[in-house]
Amino acid sequence: MPEVNSDVSREDTPSERPIVAFFDVDNTLMRGTSLFHLGIEAWRKGVIGPRDILPFAWHQMRFIAKGENDAHLTSARERALELVGGLRPDAITNLAEGIWEDRIRPRLWPETVELTKEHLDKGHEVWLISATPVEVGELIARRLGLTGALGTQVEIVDGQYTGKLVGHVLHGERKSVAARELTQAIGADLQDCWAYSDSRNDIPLLSLVGNRVVVNPDVILRHHANTRGWPILQLKPASIREAQRRVKREARAVRKESRRDRTTRKRPT
């Protein structure tokens, strides 16, 4: 019977199954809320009026100062739903494209973006997962060469948004449900998967995977991470270098023969 080499760890053995790294968007991949910038572009293009932009601006200021807040998220979501009712999906896609160069790209955290590349180099799938409209998430994923995006979806009937959600806002516990469904659909092992977030509301998502990193966490998430020994990533050079070393050192690579096409894909249905 062949002798098993005890020096070869599971991490050193390439995976035959897909591995997913999930990245939150707002305040994890970029500074502030992407929904606010979508609202600004809608106002600039005359899709909404000056008064309509005020709730988005208030939500943005509160989000940057205090972090994610369920009541503010619900308020912004309800207002956004009212505003998109009657619009065609390509109108929202065009708005999302319009905010990339001036509003999204300059606000991306280069350090977190680099971590997405580390995971891609390992053969991992990198999925954005956010309460932001899925059209915005898919735009960012496509521009960065990531695998895809999971986000909040608005119902479409006869080629127009109805102003009603398909399901719920992708937030809190629902992120972990969506992540579990995706990994099951592609046959990934959650123990090998990764997740990055700044918010206490993503504790269910972070707890779901075998490897989690909190990024510039809010107070509650910081305490939760400290009590459980979760890595905390501050956007500082030393912290970033350690995070990159951790991915290189601890993340399992996916065997090249087992890797799926890395081209950005639509979310699983």
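# Chatting through a predicted fold

User: Hi! Among contacts between residues at least 6 apart in sequence, how many join residues at least 24 apart?
Analyst: In the protein chain, 65% of those contacts do, where contact means heavy atoms within 4.5 Å. This is a predicted model, in which local features need pLDDT of at least 70, side-chain atom pairs count only at pLDDT 80 or more, and totals for chains, interfaces and linings use all residues. Residues are numbered from 1 along each chain as its sequence is written, and side-chain values use heavy atoms, with hydrogens and water left out.

User: What order do the strands take in the open sheet?
Analyst: The order is S3-S2-S1-S6-S7-S8, 6 strands with parallel pairing. Strands S3 (148-152) and S8 (232-233) are the edges, each pairing on one side only. Two strands pair if DSSP finds at least two bridges between them.

User: And what holds strands of a sheet together in pairs?
Analyst: Backbone hydrogen bonds, and the pairing can be parallel or antiparallel.

User: Is S2 buried or exposed?
Analyst: Buried: 9 of its 9 residues are, so S2 is largely enclosed by the rest of the structure. Buried means under 20% relative accessible area, exposed over 50%, and partly exposed in between (1.4 Å probe, protein chains only). Across the 269 residues of the chain, 52% count as buried.

User: New topic: at what angle do helices H4 and H6 pack?
Analyst: H4 (residues 89-104) and H6 (residues 134-144) pack at about 55 degrees, with axes 9 Å apart. Axes are lines fitted to C-alpha atoms, for helices over the stretch in contact, and angles run from 0 to 180 degrees between N-to-C directions. H4 and H6 are therefore oblique to each other; under 35 degrees counts as roughly parallel, over 145 as roughly antiparallel, 65 to 115 as roughly perpendicular and the rest as oblique.

User: Which residues make the contact?
Analyst: Among them are Ile-92, Ala-96 and Trp-100 of H4, and Val-136, Leu-139 and Arg-143 of H6.

Terms used: Helix = DSSP H or I, 4+ residues; strand = E, 2+ residues; numbered from the N terminus.
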